[in-house]
Structures are given as structure tokens and as C-alpha cells.
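Subject: Structure handover

Hello,

Here is the structure I said I would pass on. Please look through it first; my notes on what was found follow below.

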Amino acid sequence: MIATQSLERIVVTRDPAQTRALAAALAAAARPGDLISLIGDLGAGKTQFAKGFGAGLGITDTIVSPSFVLMAEYRGRLPLFHVDLYRLADAAEALAGGLIDERQAEGVTIVEWAERLADAMPAERLDVLIDGAGDDPRRITIRPGEAGYARYLERVPAVVEKADPRVIRVTRAPEPTPEAGR
Ligand code: ADP
Ligand code: MG
């Protein structure tokens, strides 16, 4: 019998450095072709998450919000394609703008305001939902849209330390306990 897996993990971060550190830890699970949707209100911390994820991929360039271009590309262990759909009127416009192209198969695509694509967003993805605003803590839900993305859950640190993502030390979450009666 296969042990049941929890379908999502929730992490609370108390400042932007913790959000970046969480994202940097998750980046260790990244594989070519991955798609990550960042969902949360303006100022929730989506760009902070993208910055940390990029640092975790070894990107040394500064990641900024690509508000005036559809997609920005960065070079790291894997290429990172950072998309921001904030200014888009609708999904059709995004797709017409070439949101998904072949180059992305080689890297990780991280999409802010992914919910604007609705059903046009492939189901095979990792959802990162960020709740909270201002100086309040953020409640960050890591939710695989499909079993292949469950590997990200294994990288969620048990304790998110306030640290520069490049020198992050994370405490690994305990291994899931085997089901009784296995
Ligand atoms: P978004 O891309 O979702 O619009 P940003 O990442 O650009 O949001 O901005 C998030 C803002 O919230 C930043 O000013 C950041 O300093 C602040 N902030 C405060 N606490 C947190 C936290 N725990 N995680 C992320 N950002 C936080
Ligand atoms: Mg942003």
C-alpha cells in the first residue's frame, strides 16, 4: 500500500526574508519544465517569493517585477522565466503574447497573477497561495496541482529561518510516518 501524502503544506512567514528563504528551499526541487503559479493580492509577496526562488536556483542577477514586459528570463542552475500577468486584460492576451513557448521546457516558469489565466493555466503545476498584507505574517500554502509536483512538499522546511537565501540553513521536515498496518 502506498502511504497517503498530505496534499499541501502551509508555512507562516513573518517577514520578506523568511518568504525568500522558503522559496529558496523549494527551488531545490525544481526540474526543467516546471510551472509555478503565485496567487495573492497586490503586495502579498509574490515577487519576494520569485526573488528567493531565483536565489535558490543560483541566480545572482536581481529579480525585479517584470511589470512592463510579459516575461523576464534569468540564468541559474536552471533558467527561470518570471511572468507577471498583472496588467493583462485577459487570458487570450497572455497566450497571444507567447506565455508558454518551447524554451520554457528547459527551465522553471513562475507566474504572478496566474489566476488571470484561469483554465488556460495548465493543471500540471505547483500553486503557491500567499495570504496576508502589510507587516502581517504571510500564510503561504504550497499545493501541488498534480502528483509530480509533490516533490516540492518534501522541501518545505520545518522551520523557516530568517537568513539570506544564499546562506540558508533549513531544517528538513520529518519524513512522513508510514501508515499503520503496512
Ligand atoms: P506582490 O508581488 O505580491 O505584489 P511584493 O513581493 O512586490 O508583492 O511585495 C510584498 C511586500 O510586502 C514587500 O514590501 C515586503 O517587504 C512586504 N512584506 C512584509 N512581510 C512580508 C512577508 N512575510 N513576506 C513577503 N513580503 C512581506
Ligand atoms: Mg509582484
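**Asp 127 and its surroundings**

The side chains of Asp 127 and Arg 125 are joined by a polar contact of 2.7 Å (a polar contact is a pair of N or O atoms within 3.5 Å; within protein, one must be able to donate a hydrogen and the other to accept it, and residues adjacent in sequence count only if both atoms are side-chain atoms). Asp 127 is part of strand S6 (helices, H or I with at least four residues, and strands, E with at least two, are DSSP runs numbered from the N terminus). With a relative accessible area of 10%, Asp 127 is buried (buried means under 20% relative accessible area, exposed over 50%, partly exposed in between, with a 1.4 Å probe and protein chains only). Apart from neighbours within four places in sequence, Asp 127 is in contact with Ser 37, Ile 39, Thr 141, Ile 142 and Arg 143 (contact means heavy atoms within 4.5 Å).

**How to read the values**

This is a predicted model, in which local features need pLDDT of at least 70 and side-chain atom pairs count only at pLDDT 80 or more, while totals for chains, interfaces and linings use all residues. Residues are numbered from 1 along each chain as its sequence is written, chains are lettered from A and ligands numbered from 1 in the order in which they are written, and side-chain values use heavy atoms, with hydrogens and water left out.

**The protein as a whole**

The protein has 3 helices and 9 strands. Along the sequence they follow the pattern β-α-β-α-β-β-α-β-β-β-β-β. Of its 182 residues, 45% count as buried. Among contacts with a separation of 6 or more, 66% are between residues 24 or more positions apart. The protein exposes about 9,600 Å², and carbon and sulfur atoms supply 52% of that (accessible areas come from the Shrake-Rupley method with a 1.4 Å probe; for residues, only the protein chains shown count as cover).

**Ligand 1**

There are 16 residues around ligand 1, and Thr 19, Gly 43, Lys 46, Thr 47 and Gln 48 come nearest (a residue is near a molecule or strand if one of its heavy atoms lies within 4 Å of it). The shell divides into 3 nonpolar, 7 polar and 6 charged residues (Ala, Val, Leu, Ile, Met, Phe, Trp, Tyr, Cys and Pro count as nonpolar, Asp, Glu, Lys and Arg as charged, and the others, Gly among them, as polar). Helix H1 (16-26) and helix H2 (46-56) each supply at least two residues of this shell, and H2 gives the most, with 3 residues.

- A polar backbone atom of Gly 45 lies 2.9 Å from an oxygen atom of ligand 1.
- An N or O atom in the side chain of Lys 46 is 2.7 Å from an oxygen atom of ligand 1.
- A backbone N or O atom of Gln 48 is 2.9 Å from an oxygen atom of ligand 1.

On its own, ligand 1 has 570 Å² of accessible area, of which the protein covers 77%.

**The magnesium ion**

Which residues are the protein donors of the magnesium ion (ligand 2)? They are Thr 47 (OG1) and Glu 112 (OE), lying 2.2 Å from the ion (donors are N, O and S atoms within 2.8 Å of the metal, or 3.2 Å for Na, K and Ca; water is not among the atoms, so sites may look incomplete). Because Thr 47 lies in helix H2 and Glu 112 in strand S5 (residues 108-112), the pair ties together parts that are 65 residues apart in sequence. Thr 47 counts as buried at 19% relative accessibility, and Glu 112 is buried at 3%.

**Helices H1 and H2**

H1 is largely enclosed by the rest of the structure, because 9 of its 11 residues are buried. Cover for those buried residues includes strand S1 (9-13), H2, strand S7 (138-144) and strand S8 (157-159). Asp 15 caps the N-terminal end of H1, with a side-chain oxygen 3.2 Å from the backbone nitrogen of Ala 17.

H2 has 8 of its 11 residues buried, so the rest of the structure largely encloses it. Its buried residues pack against H1, strand S2 (35-39), strand S4 (80-84), S5 and strand S6 (126-131). Gly 58, which follows H2, has a positive phi near 85°.

**Trp 113**

Trp 113 is not a glycine, yet its phi is positive, at about 60°. Most residues other than glycine have a negative phi. Trp 113 sits in the loop between S5 and S6 and is buried, with a relative accessible area of 9%.

Regards
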